[in-house]
Amino acid sequence: MPGDASLARLFRDHSERWEIERVERGTEWVACRRDSDFIDIIGARDLAALRYRIEAAEREEAEEREPG
């Protein structure tokens, strides 16, 4: 998976919109984004996968907002 596995960099790049935390069992990392209409929750086993999934969700959201 592409991306930087640094926790500090992940927080720097995404913590304004996502709450990121490590959980004890199963999925190792979870990110949650709350907007007025919905909640996005993403889980991953490592930081690189979490970064990849956060960025994919943000790209998808940007594409949905584009006119046309």
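Figure 1. Of the 68 residues in the protein, 26% count as buried, and the model shown here is a predicted one. The accessible surface comes to about 5000 Å², with carbon and sulfur atoms accounting for 46% of that area.

**Figure 2. Order of the helices and strands.** The protein contains two helices and three strands, which follow the pattern α-β-β-β-α when read along the sequence. Among contacts between residues at least 6 apart in sequence, 35% join residues at least 24 apart.

**Figure 3. The helix α2 and its buried residues.** The 19 residues of α2, at 1.5 Å a residue, should span 27 Å, and this agrees with the 27 Å that separates its end C-alpha atoms. Buried residues of this helix include Leu 47, Leu 50, Ile 54 and Ala 57, and among them are also Arg 51 and Glu 61. The buried residues of α2 pack against α1 (7-14), β1 (19-22), β2 (29-34) and β3.

**Figure 4. Asp 46 at the start of α2.** Asp 46 lies in the loop that runs between β3 (39-44) and α2 (47-65), and this residue counts as partly exposed because its relative accessible area is 39%, between the limits of 20% and 50%. A side-chain oxygen of Asp 46 reaches to within 3.2 Å of the backbone nitrogen of Ala 48 at the start of α2, while the backbone nitrogen of Ala 49 lies 2.7 Å from a polar atom of the Asp 46 side chain.

**Figure 5. Asp 46 and Trp 29.** Although Asp 46 and Trp 29 are 17 residues apart along the chain, their C-alpha atoms are separated by 6.5 Å.

Methods
Residues are numbered from 1 along each chain as its sequence is written. This is a predicted model: local features need pLDDT of at least 70, side-chain atom pairs count only at pLDDT 80 or more; totals for chains, interfaces and linings use all residues. Side-chain values use heavy atoms; hydrogens and water are left out. Helices (H or I, at least four residues) and strands (E, at least two) are DSSP runs, numbered from the N terminus. Buried means under 20% relative accessible area, exposed over 50%, partly exposed in between (1.4 Å probe, protein chains only). A polar contact is a pair of N or O atoms within 3.5 Å; within protein, one must be able to donate a hydrogen and the other to accept it, and residues adjacent in sequence count only if both atoms are side-chain atoms. The expected span of a helix is 1.5 Å times one less than its number of residues. Contact means heavy atoms within 4.5 Å. Accessible areas come from the Shrake-Rupley method with a 1.4 Å probe; for residues, only the protein chains shown count as cover.
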